[in-house]
Amino acid sequence: MADLQRLYITECPRDAMQGWKSVIPTETKINYLNSLLKVGFDILDCGSFVSAKAIPQMADTKDVLSSIEYTPEGTELLVIIANIRGAEQAAEFKQISYMGFPFSVSPTFQMRNTNSTMNASLETVKTMHRLCKDSGKKSVVYLSMGFGNPYGDEYSPKLVYEWASRLSDLGIDVISLADTVGMADPNLISEVTGYVVNKLPGQAISVHLHATYNDAAAKVKAALDTGCRRIDGAIKGIGGCPMAKDELVGNMPTELI
């Protein structure tokens with residue numbers, strides 16, 4: 001069982017790179033990831049097995065994984081999958097420790113992000129989790145739009161907790177509350193994260209917050225004050241979700257965690 005008291009930092013170059021407008025050469029990605037592996041982050045969100053048409057920047061994830069200087073005793077690697085095919089592909093790589101799936105509490109964003117309904121996505125989560133167990137990996141589910149959505153879909157902290165509870169009952173290793181479009185302020189982060197952390201003792205809960213340099217520190221403090229001990233970031237706050245809005249909302253700057 002994970003230590004729920006120590007702080008775990010996930011560095012997310014995948015999230016930083018995926019919306020970059022120009023294609024980043026594979027060799028450049030490999031060199032950058034190798035430099036990050038030397039830092040000692042707990043987890044490196046390094047790529048994704050998703051449609052190359054949807055996220056062309058991640059089309060070379062297989063080549064990147066085959067070439068980076070990974071060591072089993074060092075930083076653990078995480079990749080994002082969006083469907084069962086992607087999970088099956090990820091399961092073939094021994095270097096990967098975590099598979100992550102974006103499950104949105106907003107049905108509009110679930111369709112927009114993975115082209116599937118919430119019910120179908122839940123079945124994908126179940127299959128991903130089984131593949132993780134069969135291949136010695138851990139499962140992560142991101143509760144996208146976990147702090148509200150711009151689409152007018154139903155939202156409340158209770159709704160987030162209800163989905164988190166269902167995922168916890170499935171045995172998901174890590175549940176990540178994701179502020180996909182940067183809507184949350186510190187008070188909402190405290191309310192939602194505190195509700196989930198307190199209701200699900202023993203479950204590993206993380207936050208994937210999007211922020212600016214002006215509000216990042218306050219958002220991190222709000223999450224940590226609830227007892228959450230897993231934080232995602234990206235150096236310099238680069239990136240965001242290209243499937244959410246036309247303009248990217250920056251990631252949490254890792255240097256401010």
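This briefing looks at the overall build of the protein and then at helix α4. The structure is a predicted model, in which local features need pLDDT of at least 70 and side-chain atom pairs count only at pLDDT 80 or more, while totals for chains, interfaces and linings use all residues. Residues are numbered from 1 along each chain as its sequence is written, and side-chain values use heavy atoms, with hydrogens and water left out.

**Overall build**

- You will find nine helices and eight strands in the protein (DSSP runs numbered from the N terminus: helices are H or I with at least four residues, strands E with at least two).
- The radius of gyration, taken over C-alpha atoms, is 17 Å, close to the 18 Å that the globule rule (2.2 Å times the number of residues to the power 0.38) gives for 257 residues, so the protein is as compact as a globular protein of that length.
- Of the 257 residues, 55% count as buried, meaning under 20% relative accessible area with a 1.4 Å probe, protein chains only.
- Among contacts (heavy atoms within 4.5 Å) with a separation of 6 or more, 74% come from residues 24 or more positions apart.

**Helix α4**

- Helix α4 spans residues 84-91, and its buried residues are Gly-86, Ala-87, Gln-89 and Ala-90.
- These four cover an arc of only 160° around the axis, which puts them on the same side of α4; the arc is that of the directions from the helix axis to the C-beta atoms.
- Packed against the buried residues of α4 are β2 (43-49), α3 (61-67), β3 (76-81), β4 (96-104) and α6 (118-134).

Definitions and conventions
Buried < 20%, exposed > 50% of the residue type's maximum accessible area, 1.4 Å probe, protein only.
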